[in-house]
Amino acid sequence: MARRVTSDRLVGRIGELAALRSAITAAGEGSSALVVVAGDAGIGKSRLIAEVVTEARAANFVVAVGGCVQLGEVSVAYAPLVQALRDLRAHLGDQEFIDLAGQGWNEIGALLGTRSGSASDSSGFLFENLLGLLTRLGQRDPVLLVLEDLHWADASTRDWIAFLGRNLPDAAVAVVLSYRSDELHRRHPLRPVIADLERDPLVERILLGGLARGDLARMLADICDEPPTAEVVDELYTRTEGNPFYVEEMIAAGAIHGGLPDSLANVILARVERLSSDAQGLLHNAAVLGMDVDDVQLGLITQRPAGTVSAALREAVFHQILVLDGDSCRFRHALIREALYDDLLPGEREDLHRVAALALEAGTRRDERSRWAQIAYHWYAATDAPRAFGASVRAGLEAEKVSALADAAEHFERALRLRGQVPDADAAAGMSRAELLLHAADAVQASSSTNRAIALAQAALDELRDAPPEQRSLVLERIGRSNWTQRHGPEAVAAYEESVAILEGRPPSREQAFALSALGQSMMVRQQYRDAEAVLTRAITIARTVGAPDVEGHALCSMGTALVALGGVQDGLAAVRQAHRLSTEFGTADEVCRAYVNEASSLLISGEYAEAVRVGAEGIRYAAKVGRPRHSESIAGNALAALICAGRWAEADRMRAAMPNSTAGPYLELRWLPLPLQRGDYDEARRLIQQCLDETKASGDVQFRAQALMRAGELAAAGQRLDDARQLFDDALQIAERTDDQFYRARALSFAMTVEAERSVFTPGSAQAAADRLADRLRAFTADVVARGTWLPEPHAWLATAEAEHDRVFGRDTGGAWATVVTAWEQVGQPFQIAEARYRQADALLREHGDRTVAATTARESLRIAEALGAVPLAEKIRQLARRGRLDLTTCQPTEPANPLAHFHLTPREVDVLRLLAEGQTNRQIGEALFISEKTASVHVTNVLRKLGVPSRLEAAAIAQRVEL
């Protein structure tokens, strides 16, 4: 019935093709674009992308296409990038490719296996250098980069995708990513990466559904010798739900009128069985190797002559089981390969994997990283535990060299599972079990947010019970660090203290200096700044004595932060910057990242917001380059806080959107929370606060637990749950008052006093007594700061605010007092707090019957700032004040933007969808009007609601009508 398997033309997909063409057009005009294409297996993602690739090539784009490789549990690191880079190199030629790579050629060449690479010259800057290559290429010619089958992506490739999504250059570069949506179960590691990309309103998402019945009929007309009857179309449409691949396979196998098993695997195998026995056998063998069919390797594992292999592959290509891809071939669909693989008997599979492993061990055609990953996979699939063990260790070490730490963790974990089955495992691995556990612990610690690193490090410590104290001390430090990152505060402190204790009385050593430095760091992050200063001074002295500049840098990083927190800003920043230099020269990527965290934090609490943002942005880029998502989160938290303080809320939004949800923990979220609280996004604030409260239960420190309680107190106060707010602030203060902290303690005291001022309206006697008790605590706090150090800018402004709020409790605050608070916040440079203080100033002026012109001007300026920021609750409070006091605020009424939808970042297609949605159209009607499937229309509607920030179609329609769409 069928004259060919695949239609010569792309059928349907009008809207989806238009969206991809828009991305290509944008790139052709010099703007970057990123499109994510998703859909079930066989739904037509590759066919759709192939159409755009053809058009892009015709438009003189430089096109690079790469696909992910499936290798069971562990994938080959950077496989799609390597393939795409080889495309680029083939297109450009060696010399031009190397010239465009520029200074990044060392790392990129190592990735391609054409240069020797090591940890020192290829692990740190790969992502940035790849981005630089794309940028320079896009400045020369428009570029289309396609990365397919990301549901099989390795962890390192996923990190690269996340990095690219955050840093796609403003150049003529279009990126198209595809994945199987039916493969993404709830815990699939790609899911948070995709979710993060889709939070960016400028990223286009295309979800392919099945073909509509009419499109299916047109496709069948192209495939079949005779036009299909309506009954045939109906049957295939019902049985396949419009999945083009299912349809093609059923037509090719003659499975139209039933009689064949429902399983798609059986349909595929029915087609394969039409081939000669030689071709069938070789295809089953090829399925063991993966999607790409390497004729040389296939000949090695089957021991067949080259002519026999070539003839069989030609036959498979003729029957479209395989397709040509440049000068090689591959399976036409991944499901074909999977069905063939599953059709092998278990013993056959094991034998083939064994032979494949031997062939890879003897060969040199691949770079060492991917070669050892595949060798380990094949030995594991062949159930040869000893060889799989040794190869997994080697694969982990190779992954470490290029900072593919998530892949390294998977390899090491597999090696640990196999180790018990291996005689003389230490010799096979080239390391002891303790060393293997520590490799795994370090890789897991750097690449995930689980407790697993703690268990691995503890197991290593158990192995080392008879080892020298210096060796055990280093493992205890690892345990302390892992516990701290999981917010197990007491366990972390105990491990740090033990690491120091076991070295007391021992000769000075690098290990002793490091143990002291780690303990001092833990004191610093617990705001025990004075104690930390003493311990860190000792650590620095020993480090200099034994010649350990990296440890000196580690200790100086903590010392500088402690000094800044005590008010010694200049000395503290100098120490942190010296630590940064030492860590860059002598330390690890983790230490450099930590220097970025502490420098950005020190600048933040010093009120140097612009510099904190600059350092933070630089640090985020560095952390992404070296594959340290946890550090990236911490650096971003400080940069976000600085942007929010400085009133640069739109920039904060963009930075927050660039951070993956999968890594967002309390450190980042607690610094982000002032924004939703000040904007009045209380649903988001409530969700994040509860998350932070849950995650900091085991933490008794200021920066996590006390800060979470303070944010909860702010939310309670906003909802007029004043008794709850009072208790939450008191709980936070009790934590802060046990420390040397002034930054958070001042804020908590000021907010607590504000709560009493609000309570004084209802219960004046109780509020006044509580306010006086707070005033006593405020005086003790002031004396403590003066005795121990110097006021930081923000705490000093909070002190002024608290004193004015104390007067408000008793009804004796004045416009002049609040004007002093305004000046304090102006010196700090926080627009929101300036507006809040101006609002209080205007209120006090009205209550004391002061100058109404000054009151109106003050309220007007406060409203201008609030509206510019988007601080909705504050703006409404100011308007209410103006109504009560009959103040004229007409000069600061908001004006509609020229394009009222511009700030929602809707695509032209989404504007069309919103227009139809406002007319009351259903998803089906929208799909018909725009020539897209109902499922795709549903996706567009969901995206529109998300971008508008509304929960229902009705509210979206109201927005559309309001702007006269």
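Ala-33 stands opposite Ala-174 in strand β4, in a model that is predicted. Residues are numbered from 1 along each chain as its sequence is written, and side-chain values use heavy atoms, without hydrogens and water. Because the model is predicted, local features need pLDDT of at least 70 and side-chain atom pairs count only at pLDDT 80 or more, whereas totals for chains, interfaces and linings use all residues.

Strand β1 covers residues 33-39; strands (E, at least two residues) and helices (H or I, at least four) are DSSP runs, numbered from the N terminus. Seven bridges join β1 to β4 (residues 173-180) in a parallel arrangement. Two strands pair if DSSP finds at least two bridges between them. Strand β5 (residues 204-208) also pairs with β1 in the parallel sense, over five bridges, and Gly-39 stands opposite Leu-208 there.

In a regular strand the side chains alternate between the two faces of the sheet. On one side of β1, Ala-33, Val-35, Val-37 and Gly-39 are buried, as are Leu-34, Val-36 and Ala-38 on the other. Buried means under 20% relative accessible area, exposed over 50%, and partly exposed in between (1.4 Å probe, protein chains only).

Helix α14 (residues 277-289) reaches 19 Å from its first C-alpha to its last, close to the 18 Å expected at 1.5 Å a residue. The expected span is 1.5 Å times one less than the number of residues. Ten of the 13 residues of α14 are buried, including Leu-282, His-284 and Val-288. Just after α14, Gly-290 takes a positive phi of about 120°.

Ala-610, in helix α32 (residues 609-625), counts as exposed because its relative accessibility is 53%.
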